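Subject: Structure handover

Dear colleague,

I am passing on a structure that I would like you to look through with care.

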Amino acid sequence: MPTPALPPQGAPDRSRRWRRVRRAAALPLAALVLSGCTVPGFGATPGDTTSSQSAYHLWQGFSIGAVIVGGITVGLMAWAVVRYRRRGDHIPVQHQYHLPLEVFYTVMPILIVFGLFAATLVVENKETSNPKTNVTINVNAFQWGWQFIYPGTNALVYGQTTQSPIMEMPVNTNVHVNLTSTDVIHGFYVHAFNFSRYALPGVVNQFTFRAQNTGTFFGQCTQLCGLYHSLMWFRVKVVPAAQYAQWISTFNNPADAAAAAAAIKTTNEELATGVASKASYTKFGR
Amino acid sequence: MTDVLDPPIHIEHHDGGHEEHHGATGILNWLTSTDHKVIGMSYTVTSVIMMVIGGAFAEIIRAQLATPNGSLVSLAQYNELFTMHGSVMIYLFAGPFAFGALANIIVPIQIGAPDMAFPRLNALSYWLYLTGSITMLSGFFVAGGAANFGWVAYAPLSNSLNTPGSGADLWIGGLLLTGFSAIFTGVNLCATIFYLRAPGMTMFRMPIFTWNMLVTAILILLAFPVLTAGLIMLYCDRHFGTHIFSVAGGGVPVLWQHIFWFWGHPEVYILALPFFGMVTEVIAVFSRKPVFGYKGMVFATLTIAALSLGVWAHHMFTTGVVLLPFFSIMSLLIAVPTGIKMFNWIGTMWKGQVWFSTAMLMSIGFLFTFLVGGLTGIYLASPPLDFFTHDTYFVVAHFHSIVMALVLGAMSGLYYWGPKITGYLLNERLGKAQFWFLFIGIQVFTFPIYLLGLYGMPRRVAVYPANPQWKALNDLSTLGAVLIGVSTVIFVVNIVVSWKKYPAGDNPWDAQTLEWFTTSPPPHHNFYRLPQIRSERPTWDHNHPEHRTLHHGEHDVDPQVPESEGEHV
Amino acid sequence: MKTEAKVLLGLGTFFGLMCAVYWNWSLENAGGVMMFAGMLLCFLPGSYYFWWSRRMKPRPEDNPQATQTQGAGVVGAFPGSSIFPFVMGMGAFFVVLALVFGIWLLVPGLALVVWALLGGTAEGRRGGHH
């Protein structure tokens with residue numbers, strides 16, 4: 001039985017295949033050319049905290065691996081499609097196995113995976129650690145805004161949607177955050193910190209930032225929480241330590257003190273309940 | 001060559017031995033049919049309609065996001081749109097197409113069976129799917145609108161306090177119906193594959209598509225009951241005063257995520273494995289070679305299924321309450337069997353005679369697109385990297401690369417098996433036009449939003465800050481979505497233009513597996529005759545006895561003597 | 001039947017190992033329970049097939065040298081057209097709508113379900129149309 005021709009209304013189009021080959025080759029070539037001498041970010045940014053930079057370097061490492069593995073695979077695909085396209089009618093040799101090759105491309109990916117996992121663990125342990133600190137911020141997410149309470153002080157910041165309340169914190173200091181929600185699940189996401197964490201009702205998620213650069217950084221809710229989810233904005237403002245101390249002291253008039261004390265009391269109750277009853281769930285939440 | 005034997009296998013008849021179908025005609029015939037080919041065709045048509053509906057929602061979403069402060073739809077309508085886009089695409093298109101449409105038609109004929117093991121149950125599966133789809137979509141017509149809490153319905157957002165209204169309950173009800181539909185199909189596929197194979201078709205001679213459908217069926221049985229249970233719990237929380245997922249009553253909201261994603265992750269493999277199978281068949285046929293590394297493919301599929309039950313919480317890395325290292329290593333490991341499959345696909349083409357029918361182009365497009373989606377998935381398996389990509393457009397881009405790859409696989413399956421099912425080929429020139437619009441559209445749609453996510457745009461937002469870079473990337477992505485829409489139009493045009501125009505014959509592709517031995521379309525109860533089955537390619541062995549698969553250690557190309565010469569009647 | 005048994009028992013064993021590691025390491029109960037249930041789901045048919053495969057005669061589809069005449073005869077019962085899947089489907093539809101729009105819908109819903117159960121069973125015993 002002769003090799004079947006394609007059904008009458010279409011013939012293989014050679015020029016299209018060449019375009020495919022060029023397209024397939026373009027990406028790895030472009031990556032090589034554009035990389036220059038420094039390792040590119042592959043879309044990510046180093047960010048402004050110590051852990052954001054670790055995560056960034058991990059991203060770069062993963063990306064180099066992805067480009068190499070992806071480049072080889074796309075190269076093999078392109079080669080197969082070009083070099084072994086049909087010429088003539090004969091039926092090719094019916095190979096079905098090549099055990100050494102199959103073992104190789106089973107074992108190699110396993111080794112690569114363990115390498116990626118090891119690198120992940122290093123960064124993950126660093127990022128989820130909770131070093132000693134003397135600045136703590138309790139973050140309450142709610143529909144549809146944010147509340148920042150500074151226990152031990154009278155500072156209290158509150159804002160809804162596009163009011164975009166500002167969470168002020170000192171630079172080069174470990175800042176510990178206690179994150180919770182009073183209604184549905186929200187997402188606390190700061191792009192410049194390469195970080196996000198869910199604000200869960202009944203649970204306190206704890207993490208630490210050490211910002212290295214001053215500036216005001218945009219933050220947003222990333223977990224769908226209802227009607228104004230798109231507008232649940234906040235900002236993080238990193239300032240020099242002296243300026244931070246001065247900002248804290250602006251809350252020392254009696255009205256502010258009372259409001260802050262009331263807010264802190266409520267939050268502490270929620271935190272206490274959250275921590276006490278959900279201890280097993282926060283075990284790995286750091 | 002007399003390895004094709006008469007008499008045919010006997011089917012029990014109760015109406016006097018007539019082979020032809022006497023009975024109701026027209027709509028009553030359709031309502032009472034238990035023929036897997038009719039049911040599979042119903043699934044195909046319904047699921048493609050669902051794809052068009054979900055696609056329409058997508059186009060509205062992209063139009064809204066074309067400007068930063070778009071006002072095409074309100075914030076409330078937008079939440080309904082992306083919820084129903086995801087729900088329709090995953091629950092009502094991809095799943096049913098994957099395991100109810102082509103699988104229903106093809107699995108019995110690939111193993112030489114006259115029908116599925118439980119034909120009436122099969123029909124019930126379809127009616128549950130159709131009524132479930134109607135139930136879910138009718139949310140748009142009730143006060144309060146359709147479900148609006150995302151296709152994942154996280155608690156506490158999905159409880160009656162935060163989402164009152166019948167739209168949510170219709171969503172839950174629709175999923176209860178489609179869930180049972182899937183479970184019954186899983187039962188049917190397992191029973192059919194275990195009990196109805198033709199003589200000589202041992203398990204390791206089944207086509208890879210059938211193997212993948214078997215593993216899909218087992219995954220369905222493992223996963224779907226969990227979703228059904230979770231939905232019932234959610235309904236109870238909403239209406240019977242229970243507090244399973246709400247803090248106030250001592251419940252745990254994150255429990256919903258554990259239950260949902262324990263189903264949700266196997267679900268994405270339930271969606272993917274059938275298309276892996278389709279693409280495997282197509283690549284082998286259009287390279288004129290056997291599947292490379294057949295046993296490796298089978299073990300890789302089983303490994304994927306096994307691992308898929310242990311990775312669910314990689315969707316929950318940012319909750320802060322899951323065991324990060326366990327789920328990270330398991331998720332990274334799942335890349336290994338997937339990579340094995342990828343290299344086996346390339347190995348199938350290697351040293352072959354590759355010819356570029358539309359089906360083959362779609363499969364090659366699948367290879368590239370799935371590679372992109374798979375590589376970006378590896379980033380997401382690393383918690384520190386997930387922390388800044390979760391719930392951003394990076395994740396949206398990742399899973400759209402994957403599901404659009406599955407759409408390419410679906411199109412490959414339709415162009416490949418369409419002629420077998422209907423008896424008619426589709427126009428190849430239009431098919432190629434569809435391919436290019438679809439393939440290029442997918443890349444233009446997804447690549448900008450990978451970057452958009454890395455630049456900080458969250459998902460499920462109707463508006464975004466006025467940032468020229470974000471707007472440019474959104475516009476480019478919208479252009480890609482338009483190209484995909486054009487490809488869908490070309491597909492529909494192709495069906496209309498090619499209607500009954502190009503008769504296919506039994507085996508237009510010189511294909512290899514058993515279904516190509518019978519007529520196009522197959523007769524009632526599928527086969528008049530069956531060939532001898534001595535490998536996973538019985539039709540190829542019958543047509544090309546001098547080109548049997550080389551066994552390990554063989555390097556000859558000399559014609560081999562067929563094994564059982566003595567089976568003459 | 002041996003391969004079928006091995007597939008299911010293999011998966012079940014893997015789930016059991018994964019469950020043991022996960023549950024002990026994480027102390028998280030939901031995932032542990034679900035993985036354990038998955039293991040049981042695989043062991044149930046898997047051990048049945050394993051037990052049965054050692055006692056049964058090899059079927060034609062388990063025999064690599066089988067011929068098609070060995071498979072001749074009744075393969076199974078394949079009921080032809082039947083209205084009962086549609087009736088059952090409609091019944092289930094109304095039952096689910098009852099969850100949304102009111103208990104009264106359970107009346108037509110359950111009526112259709114019961115009709116389908118009774119009718120379908122009778123049809124199955126009778127042999128049905130082809």
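The notes below cover confidence, a pair of helices and a pair of domains.

This is a predicted model, in which local features need pLDDT of at least 70 and side-chain atom pairs count only at pLDDT 80 or more, while totals for chains, interfaces and linings use all residues. Residues are numbered from 1 along each chain as its sequence is written, and chains are lettered from A and ligands numbered from 1 in the order in which they are written.

The model scores ipTM 0.95 and pTM 0.90.

In chain B, helix α13 (residues 393-422) and helix α14 (residues 428-454) pack at an angle of about 170 degrees, and their axes are 7 Å apart; helices here are DSSP runs of H or I, at least four residues long, numbered from the N terminus, and axes are lines fitted to C-alpha atoms over the stretch in contact, with angles running from 0 to 180 degrees between N-to-C directions. The two are therefore roughly antiparallel, a term for angles over 145 degrees. Residues in contact, meaning that their C-beta atoms, placed from the backbone, lie within 7 Å, include B:Y393 and B:M404 in α13(B), and B:L438 and B:F445 in α14(B).

Chain A is assigned domain 1 (14-86 + 95-127) and domain 2 (135-282), with bounds from an automatic or database domain assignment. Their contact takes seven residues from domain 1 of chain A and 12 residues from domain 2 of chain A.

Best wishes

Key: Two residues are in contact if their C-beta atoms, placed from the backbone, lie within 7 Å. Angles under 35 degrees count as roughly parallel, over 145 as roughly antiparallel, 65 to 115 as roughly perpendicular and the rest as oblique.
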